[in-house]
Amino acid sequence: MKIATGTVTDGAIVVEGQAFSEGEKVTVLGYETGEPFRVSPEEKRMLLESLAQADRGELIDADDLLAELDESN
C-alpha cells in the first residue's frame with residue numbers, strides 16, 4: 001500500500017516521490033485548491049488499515065453504510 005501526493009499537469013496526475021508501475025490500480029482523493037490535506041499519524045494508520053480491509057474483501061454495502069450513518073444522526 002502506498003500513499004502519495006500529486007498534482008494534475010496537462011490532464012495527468014504527476015505523483016511526487018513515489019513510483020507506480022504501469023497498470024497499477026490507484027485511488028485518488030481530490031481536494032479544493034488551497035485546501036490543506038493533512039492527516040495525523042493515527043488517521044494515516046486507520047486509512048491504511050481500511051484500505052487493507054478492502055483489499056481483503058472486508059467490505060460493507062454502500063446502502064448499509066448510509067443506513068447506519070442515518071441511524072447515528
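## A negative patch

Glu-68 is partly exposed, with a relative accessible area of 46%. Here buried means under 20% relative accessible area, exposed means over 50%, and partly exposed lies in between (1.4 Å probe, protein chains only). The model is predicted: local features need pLDDT of at least 70 and side-chain atom pairs count only at pLDDT 80 or more, while totals for chains, interfaces and linings use all residues. Residues are numbered from 1 along each chain as its sequence is written, and side-chain values use heavy atoms, with hydrogens and water left out.

Glu-68 is found in helix H2, residues 62-72. Helices (H or I, at least four residues) and strands (E, at least two) are DSSP runs, numbered from the N terminus. Together with Asp-61, Asp-63, Asp-64, Asp-70 and Glu-71, Glu-68 forms a negative surface patch. Patches are made of residues with over 30% relative accessible area and no salt bridge; like charges are joined within 9 Å, and nonpolar side chains (Val, Leu, Ile, Met, Phe, Trp, Tyr) within 5 Å. Lys and Arg count as positive and Asp and Glu as negative, while His and the chain ends are not counted. The place of a charge is taken as NZ of Lys, CZ of Arg, CG of Asp or CD of Glu.

## A nonpolar patch

A nonpolar surface patch of about 460 Å² is made by Val-8, Ile-13, Phe-20, Val-26 and Val-28. Accessible areas come from the Shrake-Rupley method with a 1.4 Å probe; for residues, only the protein chains shown count as cover. Phe-20 sits in the loop between strand S2 (12-16) and H1, and counts as partly exposed at 33% relative accessibility.

Val-15 is found in strand S2. Val-15 is partly exposed too, at 29% relative accessibility. The C-alpha atoms of Val-15 and Lys-2 are separated by 11 Å, and these residues are 13 apart along the chain.

## Helix H1

Helix H1 covers residues 41-55, which is 15 residues. From its first C-alpha to its last, H1 reaches 21 Å, close to the 21 Å expected at 1.5 Å a residue. The expected span of a helix is 1.5 Å times one less than its number of residues.

Ala-52 lies in helix H1 and is partly exposed, with a relative accessible area of 22%. Ala-52 and Asp-63 are 11 residues apart in sequence, and their C-alpha atoms are 21 Å apart in space.

## Salt bridges

Side chains of opposite charge can pair when their charged atoms come close. A salt bridge is a side-chain nitrogen of Lys or Arg within 4 Å of a carboxyl oxygen of Asp or Glu. How many salt bridges does this rule give? The count comes to three.

One of them joins the side chains of Glu-42 and Arg-45, at 2.7 Å from N to O. Both residues lie in helix H1, three residues apart, about one turn of the helix. Glu-42 is partly exposed at 41%, and Arg-45 is partly exposed at 46%. Arg-56 forms a salt bridge with Glu-49, with the closest N and O atoms 3.0 Å apart. Glu-58 also forms a salt bridge with Arg-56, again with the closest N and O atoms 3.0 Å apart. Arg-56 is partly exposed at 48%, Glu-49 is partly exposed at 34%, and Glu-58 is partly exposed at 46%.

## Positive phi angles

Most residues other than glycine have a negative phi, and most peptide bonds are trans. Phi of Asp-10 is near 50 degrees, a positive value in a residue other than glycine. Asp-10 is found in the loop between strand S1 (5-9) and S2. Is Asp-10 buried or exposed? Asp-10 is exposed, with a relative accessible area of 83%.
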